[in-house]
Amino acid sequence: MPTKTKLRGPEISDLMIKVCVGTGGLAAGSREVIEEFDRQLRSKGIRATIVKKCVNKTGCRGFCARDVLVDVIRNGRPDTYELVTADRVARIVEEHIVQGEPVQEWLVGPEYHDFHDKQTKILLRQCGQIDPEDIEAYIAIRGYKGAKKSLALDPYEVIEEVRLSGLRGRGGAGFLTGMKWEFCRKSPGDPKYIICNADEGDPGAFMDRSIIEGNPHAVIEGMIIGGYAVGANLGYVYIRAEYPLAVERLKIALDQARKKNFLGKKIFRSEYDFDIKIKLGAGAFVCGESTALMRSIEGERGLPRPTPPRSVTKGLWGKPTALNNVETLANVPLIMSKGGKWFATFGTPKNTGTKVFALTGKVKNTGLIEVPLGIPLKEIIFDIGGGVEKNRSLKAVQTGGPSGGCIPASHIDMPVDFDSLSRIGSMMGSGGMVVMDETTCMVDMSKFFLAFTESESCGKCVPCRIGTKRMLEILERITEGRGRKNDIDLLIELGTDIKLASLCGLGRSAPNPVLSTIQFFREEYEAHIHDGVCPSRVCKALRQYTVSEELCRMCGKCFRACPSEAIAWEKKQKAVIDRTKCIKCGACYDACPFDAIL
Amino acid sequence: MADRIIKIKINSKEISCKHHETVLHAAKRAGIYIPTLCDDDRLEAYGGCRLCLVHVKGVPRPLPACTTPVADRMEVTTETDSIRKIRKNIIELLLSNHPNDCMRCEATGDCTLQDLSYEYGADGTRFAGEKWDLPIREDNPFITYDPNKCILCGRCTRICNEVVMAGTISLTGRGFNAMPDTSFGQPRSLKNCEFCGQCVSTCPTGALTDKKGKGKGRAYELTKVRTTCSYCGTGCNFDLNVKDGRVVKVTSAYDAPVNHGNLCVKGRYGYDFIHSFERIRKPLVRKGDKFKEVSWDEALEYVAQKFKSLLKKYGPSAVGAFSSSRCTNEENFLISKLVRTVFRSNNVDNCARV
């Protein structure tokens, strides 16, 4: 990147431009934006004197819906632009940087500030602020202090500090990290391993990716501390190959850490040796399951094995292994540098700290958010998320991705923490949060998630392999209007058995979306089966398009949009749909400006 | 720790167990039946079929007996209503993707899936849905593989990797499409297959069957005759399966002390010689230019006389014996005993030395 400007020209003191280069930002074109800024600044001969790099790359700051986000910081005062494209750069440079007048119409609106100000960012604070490809940037914000401090302590003191923080595993199950480390430390066996699970597979979840992309050193530091605590000299990061940018940044960060002797032999001038290897996952969702993940590192097919023995006693290559999620490990440096008690001030007594969620679906502000555990769901959806898109009414929120369940709008006041979520039949999972409104069909939604788990089942145990397949087939026939009378009972029976009898967490949680939607939205299933109607008008096969005589304004747009000549219309006459010809494509529905197609 | 005796109760029966023993193993020892499809004593515990789920007092969810280690004062119930229901549903799920052709299936009468379906009154119609319709593989000279009958217990792939260590087959694909296969579905013979038929021996259904025995008799029509393999000195035992005086196939003898049911290609498939017309069935003695069939008594008498006269004329160093490695250890021991104590000679050797 030609970011170092060595030009003579008007000197602008205290100028910094920060461009988001997370995957969301890159997809929106941030690379071109950076190049354009460089070109513009060069052509105008501007150079910045305070920071070395005038145009800074930063990780994801969460508000992906408005990417590319650009901060122009002059004299310490940041102005944030949203939806920046390369062709908008010239005007920003000319008006804002040269003339000193921010381009008001492109600046972020109040929802940007709502989105950020109502979060509690301790983990993501650095993401979007520092350059993830520069170890000095991390060190400048007291990075690696936690590791240094830990290595001066006894490993049991480190474990005690983490235990004091009450940190629970962010991978989904919420097991106490301090306890896990203690079990691993006390297990007989040598060598021991620590693994960072970065095989983030839930559709719609991207918090682990953003943390590694935005602040990879935090994860490395967490692994050093964890490795020291459990007595491991080698750590693995098991990361999806589908995350090329995260892998790249992690590699850069590892190299930089090795050069600084933060990794390798006698790190931080202590007697402790520690290094980290990267292992790329090949795209199997089940490899996010801890035992399957370890099999995969060993070079075997990623099949989960029954526990006990637990991984902390018999894990990778049969040796005691501590496996933690990216987000868990990224919290550890903060706990060690600021203290477990400080960490426990966030959240609730049994659910301490913050949690990162990927807020998606029918919500105004989609993106990555960090909130203290125990926050009411309502605040997430309405205060941070800005409410439901198009001001429709909220129907439900799905948490925990394909393994989670849905929370109906009537439970919107519930606190979001590990225990409350599992009580309601959902789960924390890795932190996906999908908002659904009245236009979401719950049967269709659970079919979507089940189709995912069904195809990602490893095939080892019968209930998961064939059971989810049969459940999916039942859902398919319900959404296609071929539902049978006892299908709901059959789904419940199968779902309950699969949850009880499956071998690993994938199968045990796969029926959750179906069972929880049946629990809270049984009438939707019944409408599909008994009345042949999809109340949300999503399931195509159940749609019956008609033209409302009252609303039709005789414009003929539906007639022109219909690809199957199913609509009869003449000037000054209301349109009529011939159901025998209708292919239920919905083109007329979309084309009608008066909502007259019912 | 390792020698500590653990006491558990299975169906109220008290059983003393060793540390690290599994519930299934303890139950088997005590003669308590727990159904399973993926368990084989030759293999590591797998926990895939989920049929051995049992109720353990104090644990809310059912646990697989095959992978759950015993713990002191554990109380296990092998059958409850809810466990019976889960098992029945699992069998019904398996049957929902299984061809209904027991009537012409080679494994009928020797099929665990069939037995369990009968025991639990299960059929596949309740969960009927997509069924595999895959081509039957006849690309191996000894083994027929019908993937449609496979229940993915993983026993074939595990025996191929854990016991034979040939690595010919492994699980491939994911979800409903997972199945045991060679890499890229190539013929087994191209993928290091040793034709040992171990996979056939462990298959609990008709997915893997012996080509040579096809159509030659149902399991219940066959008489099993235990014998020792005549090919080498290892001394593997197996059962010759005989129908109407003819050997139609070889099956594993799992209680055999030497091989625990494991066999190689010779023992399992090399039995054609038994009914060969060229096989010498009676002793032959050379008379003039020709061999003449004689009785065993006559032949032995002849050999004894010859040895006697040689010993008398030239002494013990003039005679010796060379036995075959295809004889059993006991036979080899006897020949050496004969030479050393009766002939008083040390001239004894065996072809296994080369």
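At what angle do the axes of helix H18 and helix H21 of chain A cross, and within what distance do they come? This is a predicted model, which should be kept in mind throughout, and in it the axes of H18(A), residues 462–479, and H21(A), residues 512–531, cross at roughly 35° and come within 11 Å. On the H18(A) side the meeting residues are A:Met471, A:Ile478 and A:Thr479, and on the H21(A) side they are A:Val514, A:Tyr525, A:His528 and A:Ile529. By class, this contact divides into 5 nonpolar and 2 polar residues, with no charged ones.

Helix H9, residues 207–214, packs on helix H11, residues 244–259, at an angle of about 35°, the axes being 8 Å apart, and the crossing of H9(A) past H11(A) is left-handed. H9(A) brings A:Arg209, A:Ile212 and A:Glu213 to this contact, while H11(A) brings A:Leu245, A:Ala246, A:Arg249 and A:Leu250. Here the classes come out as 4 nonpolar, no polar and 3 charged residues.

Let me turn to the sheets, beginning with chain A. Four strands make an open sheet in the order E9-E8-E7-E10, with parallel pairing, and the twist from one strand to the next averages 20°. Why is one side of E9(A) and of E10(A) left without a neighbour in the sheet? Strands E9 (275–281) and E10 (321–325) stand at the edges and each has a single partner strand, so on one side of each there is no neighbour in the sheet.

Further in, E7(A), residues 192–198, and E8(A), residues 232–240, pair in the parallel sense over 7 bridges, and within that pairing A:Ile195 stands opposite A:Tyr236. E7(A) also pairs with E10(A), again in the parallel sense, over 5 bridges, with A:Asn197 opposite A:Asn325.

Although E10(A) is an edge strand, it is mostly covered, since the count of buried residues is 5 of 5. A:Thr321, A:Leu323 and A:Asn325 point one way from the strand, A:Ala322 and A:Asn324 point the other way, and all are buried. Helix H8 of chain A, residues 177–186, lies across E7(A) and E10(A), and its direction is at about 160° to that of E10(A).

Elsewhere in chain A there is an antiparallel arrangement. Strand E2, residues 15–20, is joined to strand E5, residues 70–74, by 5 bridges in the antiparallel sense, and A:Ile17 stands opposite A:Val72 there. E5(A) is in turn joined to strand E6, residues 77–81, by 5 antiparallel bridges, with A:Arg74 facing A:Arg77 across the pair. E5(A) and E6(A) form a hairpin with 2 residues between them, and in that turn A:Asn75 has a positive phi of about 50°.

Now to the interior. Nonpolar side chains tend to be buried together in soluble globular proteins. The largest nonpolar core of this model has 215 residues, and those touching the most other members are A:Val70, A:Val219, A:Ile380, A:Val397, A:Val435 and B:Leu94. Helix H10 of chain A, residues 216–230, provides the largest share of this core, with 9 residues. A second, separate core has 15 residues, including A:Phe559, A:Ala587, A:Ala596 and A:Ile597.

E1(B), residues 5–10, pairs with E2(B) in the antiparallel sense over 6 bridges, and B:Lys9 stands opposite B:Glu14.

How many residues does each chain give to the contact? Chain B gives 29 and chain A gives 24. On the chain B side, helix H2 (81–95) and strand E7 (170–172) each supply at least two residues, and H2(B) gives the most, with 5. That side of chain B divides into 14 nonpolar, 11 polar and 4 charged residues.

Methods:
Residues numbered from 1 in each chain as written. Chains lettered and ligands numbered in written order. Predicted model: local features only at pLDDT ≥ 70, side-chain atom pairs only at ≥ 80, totals over all residues. Contact = placed C-beta atoms within 7 Å. Nonpolar A, V, L, I, M, F, W, Y, C, P; charged D, E, K, R; others polar. Pairing = 2+ DSSP bridges. Core = buried A, V, L, I, M, F, W, Y, C linked by C-beta atoms within 7 Å. Buried ≥ 20, exposed ≤ 12 C-beta atoms within 10 Å, placed from the backbone. Axes fitted to C-alpha atoms, helices over the stretch in contact; angles between N-to-C directions. Left-handed = near helix turned anticlockwise from the far one by under 90°.
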